[in-house]
Amino acid sequence: MVLAGLLALSARPAAQGQVSQPYVGVTYIDRWIEAPRRVHLHIAQIDLAAPGLRFKLSPPAGDREVVRQSTLAFLQQEGAQLAINGHFFLPFPSTDRTAWVIGLAASEGRVYSAFESPEQRYALVTDAPAINIDRENNASIVHRDASQPGGRHVREPVVLWNVLAGSSQIVTGGMVSVPDYRDASHADALLEPGGPGTYSNDKAWADVATARTAIGLSRDRRTLTLFTADVRGGSEGLRLGEVAELLIGSYGVWDALNLDGGGSTSMAMADPATGEATLVNTSSDNPSGREVATSLAVFARRAPR
């Protein structure tokens with residue numbers, strides 16, 4: 001039944017919603033969908049060949065790896081035009097101002113967090129793939145080089161510049177790749193059963209309908225898609241498989257990562273006319289968005305009028 005629902009979702013024509021080009025190379029989509037439930041989406045699709053385009057991940061700081069900051073505050077601090085939240089982090093829940101980033105992270109060439117086997121292996125896979133956006137805006141999925149010590153090396157022949165990791169790769173080669181749990185029928189699965197929800201293949205962490213953040217690439221790696229789904233303001237959230245199907249069926253995504261979601265889900269944007277920055281999605285944490293470990297900022301030129 002779940003598979004049938006996902007196939008039906010991917011077969012529906014994509015409703016465009018409100019589509020704008022606020023910045024050169026940036027297409028912003030504000031869209032409601034009615035199935036599999038009523039959900040408010042915010043999507044930015046970025047032409048990586050656009051002139052004047054630049055990215056920056058939250059840099060290392062503080063007595064751990066980063067100082068927590070809302071995505072909106074990071075965008076305002078950096079004078080960026082668009083931003084989304086990024087990595088999962090620890091400690092959480094916590095009021096601590098600093099945090100450890102989970103997974104590979106780099107900001108403008110400074111690699112400050114390594115691939116790892118996380119505590120939350122019921123939700124986050126060991127050595128989760130990451131996305132690297134190099135200095136020339138070439139983007140690709142990267143994987144740990146286990147032959148090198150320290151967990152900060154990748155198999156691909158790229159220079160790590162701005163690097164963002166999530167829980168897992170949920171789209172691989174144009175196919176849904178949400179990970180399973182290890183059991184008698186899934187000996188090589190990437191997740192471990194258990195955790196606070198006693199998660200398993202019968203009751204998966206990924207099957208909770210909640211706020212979601214994802215990042216994906218087109219097959220030619222020329223288009224970067226930033227995706228959020230809300231679970232407040234009349235929006236009912238998505239399961240990970242549903243996110244993957246939407247990315248493939250509606251937005252031409254070939255490879256995608258699931259980023260931190262729930263109360264962390266945030267997309268902020270500066271108004272191209274006034275420069276005023278706002279959180280464009282509805283946070284399930286607070287009106288200004290949760291203070292998260294990392295955010296990815298996008299710098300782009302104002303589109304000609």
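Reader: Hi! What should I know about the model before we start?
Author: Hello! It is a predicted model, where local features need pLDDT of at least 70, side-chain atom pairs count only at pLDDT 80 or more, and totals for chains, interfaces and linings use all residues. Residues are numbered from 1 along each chain as its sequence is written, and side-chain values use heavy atoms, with hydrogens and water left out.

Reader: Which residue does E78 form a salt bridge with?
Author: Its partner is K56, and the closest N and O atoms are 3.1 Å apart. This pair links distant parts of the chain, 22 residues apart: E78 is in helix α2 (residues 71–78) and K56 in strand β4 (residues 54–57). Helices (H or I, at least four residues) and strands (E, at least two) are DSSP runs, numbered from the N terminus.

Reader: Is K56 buried or exposed?
Author: K56 counts as buried, at 12% relative accessibility. E78 is partly exposed, with 22%. Buried means under 20% relative accessible area, exposed over 50%, and partly exposed in between (1.4 Å probe, protein chains only).

Reader: Got it. What about E291, which residue does it form a salt bridge with?
Author: That would be R97, with the closest N and O atoms 2.5 Å apart. E291 sits in strand β22 (residues 291–292) and R97 in the loop between β8 (89–90) and β9 (98–101), so to speak distant parts of the chain, 194 residues apart. E291 is partly exposed at 36% relative accessible area, and R97 is partly exposed at 43%.

Reader: Switching topic: which residues have the most contacts inside the largest nonpolar core?
Author: They are I46, F55, L82, I215, L224 and L226, in a core of 46 residues. A nonpolar core is a set of buried Ala, Val, Leu, Ile, Met, Phe, Trp, Tyr and Cys residues joined through side-chain atoms within 4.5 Å. In soluble globular proteins, nonpolar side chains tend to be buried together.

Reader: And what does F55 touch?
Author: Leaving out residues up to four places away in sequence, F55 touches several residues, including I46, L48, I133, L224 and F299. Contact means heavy atoms within 4.5 Å.

Reader: Which residues does the second core include?
Author: That separate core of 33 residues includes V39, L41, A204 and L247.

Terms used:
A salt bridge is a side-chain nitrogen of Lys or Arg within 4 Å of a carboxyl oxygen of Asp or Glu.
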